[in-house]
Amino acid sequence: MTAISSRMVDTTSERVGRIAGGLLALLMAFVVMASTSQAFAHAALIKTDPADGAVLDQAPTQFSLTFSEPVSPLVMTLVKPDGTPVTLTSFRLTDQTLEIDNPQALKSGTHVLSWRVISADGHPVGGSLLFSVGAPSEPPAVSEAVDWPSRSAIWIGKVFLYIGLFLGVGGAFALAWLAGDGRAGQRFVTVAILCGLVAAPLSLGFQGLDALGAPLSHLGQPVIWRTALGTSFGWTVLIALISLGLGLLSLAGPRVLARPFALAGLAGVGVALAASGHASAAEPQWLTRPMVFVHGMGIAFWAGALVPLGLALKRQTADAVAFLRRFSLAILPVVAMLAAAGIVLAVIQVQTPSALVGTAYGRLLLVKLALLVFLFTLAAVNRWKLTASAEAGSTEVQRRLTRSIGVEMLIVLAIFGVAAGWRFTPPPRALAIAAAQPVSVHIHALEAMADLSITPGHTGPVAASMIIMTGDFGPLDAREVTLVLSKPDSGIEPMKRAATKPGDGSWRVDNLVIPVPGRWTVRIDILVSDFKMVKIEAPVDIRP
């Protein structure tokens, strides 16, 4: 009889091991598929044709937008001078350049090309450029108002998804691995997981609305969901649903499967967070994705155990002290890894101390850090002042510890709210990449043309590079080239700089300083021969 029982236990253990291994392998396969494409920061528009503000003799047959990274086009709209919008549906993506066909016979006046693309980090980026055919006119009105209902829905969806993943799946892990036979808090954990199961698909729909700039009333349209599934956030939602399902199975399934299901669910939390978002899209990928994975699992372990542990202590269940002891032993290395991963990600995202106060992302990080200091202080008091007495059976200390855990829970919820706000704030890292991009302009005249790039495209020290050609795109062997920059509305008279030819076919101007942002007039003086000078000019926008 004993031998039979032993064989049954061994068989069950092998089966559980195979199930756990299979679940973990499945989750790792998802994270590999979700990260096969190269990830970048927020895309930045670095060149347009026609140039923003250009006045053209005739309507262009196509438009081109060049970004700092590959993007996925979403919505392209041409707004005519009378305010009539025309959706442009014929476009091609070549490397980092989006070429858009213009089927319209445009009349004279100022037009607006409005574009919306999605970055590799899963977040939409939009903008517009103005150009005129013939004589400029009053630009058509293009609404740039924030859709607060949609933005609020996105934020709420994120918060409830965090509740499902961290408090639900994390709570299921705590019940399976730390609580012993205790079931205190199981109802709360179940409700949290159900909240996540509802919030995950809704968050996907909200992602589609945000990507297309559509109102909440369009949530039921198939194109919204197809667009959302095509972003990296689609992987996050898919993996999150699997993780939530595993957490629920660990609560409702056979007891022998609770631990492997809960462990796989906890791993799924880290994988889901690493599949998309600002932090996971940062370089170097070999560092940031594992750090997001560790950070997500650490939060789920800590936050998920709070409610079951607090309720076990409050009810003074038989396993409460053992639960507290196991949690106290495990939490120190978990918090150490959580803090280390958070510091690494913060340094990569923020980069400079000034960005902490100079950007919305940095200010949200400061709020989160303040909450974390309070949380860590409270947790340290609980760990070093109250835990020993509570483990010894002091009911008064256990009640104090329960109240303190309740306060920790409120702080954790506040942190969820702050973290959800990062969805709308590109990190300083992405802003720095965008700021370092050049501004480019194509200047075309009958006798000569030039492609001019100013790097970086903001105020301060810059370098200019020019490729000079004839008006029909042929080679032009200029004797001298002079770059002239002026901004009369700021009282800045023409700054003339002679260009050099380093040997790569282009002309360069180094050690140039642009003092103020705004629209500058750039002129290129091309000495074709001893008796002929060609001058071409165009506006160029310099960023702050």
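Biologist: In which helix is Val189 found?

Modeller: Please bear in mind that this is a predicted model. Val189 is found in helix 3, which spans residues 186–212.

Biologist: Is Val189 buried or exposed?

Modeller: The term buried is applied to residues under 20% relative accessible area. Val189 has a relative accessible area of 0%, and therefore counts as buried.

Biologist: Which residues is Val189 in contact with, leaving aside its neighbours within four places in sequence?

Modeller: Val189 is in contact with Leu167, Gly168, Gly171, Ala172, Leu175, Leu251 and Pro308 when those neighbours are left aside.

Biologist: How far apart are Val189 and Gly247 in space, C-alpha to C-alpha?

Modeller: Their C-alpha atoms are 9.1 Å apart, while 58 residues separate Val189 and Gly247 in sequence.

Biologist: Let us turn to Thr236. Where does Thr236 lie, and which residues does Thr236 touch?

Modeller: Thr236 lies in helix 5, residues 232–252. With a relative accessible area of 5%, Thr236 is buried. Not counting residues up to four places away in sequence, Thr236 touches Ala272, Ala275 and Ser276.

Biologist: Why do residues three or four places apart in an α-helix point the same way?

Modeller: An α-helix has 3.6 residues a turn, so residues at that spacing point the same way.

Biologist: Where in helix 9 does a kink lie?

Modeller: The kink, of about 35°, lies at Ile331, shortly before the proline Pro333. Just after helix 9, Gln351 takes a positive phi of about 75°.

Biologist: How many helices and strands has the protein chain, and what box do its C-alpha atoms fill?

Modeller: There are 13 helices and 17 strands in the protein chain. Along the principal axes, the C-alpha atoms fill a box of roughly 110 × 45 × 45 Å.

Biologist: What part of the protein chain counts as buried, and what does the chain expose?

Modeller: Of its 544 residues, 48% count as buried. The protein chain exposes about 24,900 Å², of which carbon and sulfur atoms supply 63%.

Biologist: How many positive and negative side chains has the protein chain?

Modeller: The protein chain has 40 positive and 34 negative side chains, and the centres of the two sets lie 16 Å apart.

Key. Residues numbered from 1 in each chain as written. Predicted model: local features only at pLDDT ≥ 70, side-chain atom pairs only at ≥ 80, totals over all residues. Heavy atoms only, no water. Helix = DSSP H or I, 4+ residues; strand = E, 2+ residues; numbered from the N terminus. Buried < 20%, exposed > 50% of the residue type's maximum accessible area, 1.4 Å probe, protein only. Areas by Shrake-Rupley, 256 points an atom, 1.4 Å probe, with all protein chains shown as cover. Lys, Arg positive; Asp, Glu negative; His and termini not counted. Charge placed at Lys NZ, Arg CZ, Asp CG, Glu CD. Bend = angle between axes of the 7 residues up to and from the residue. Contact = heavy atoms within 4.5 Å.
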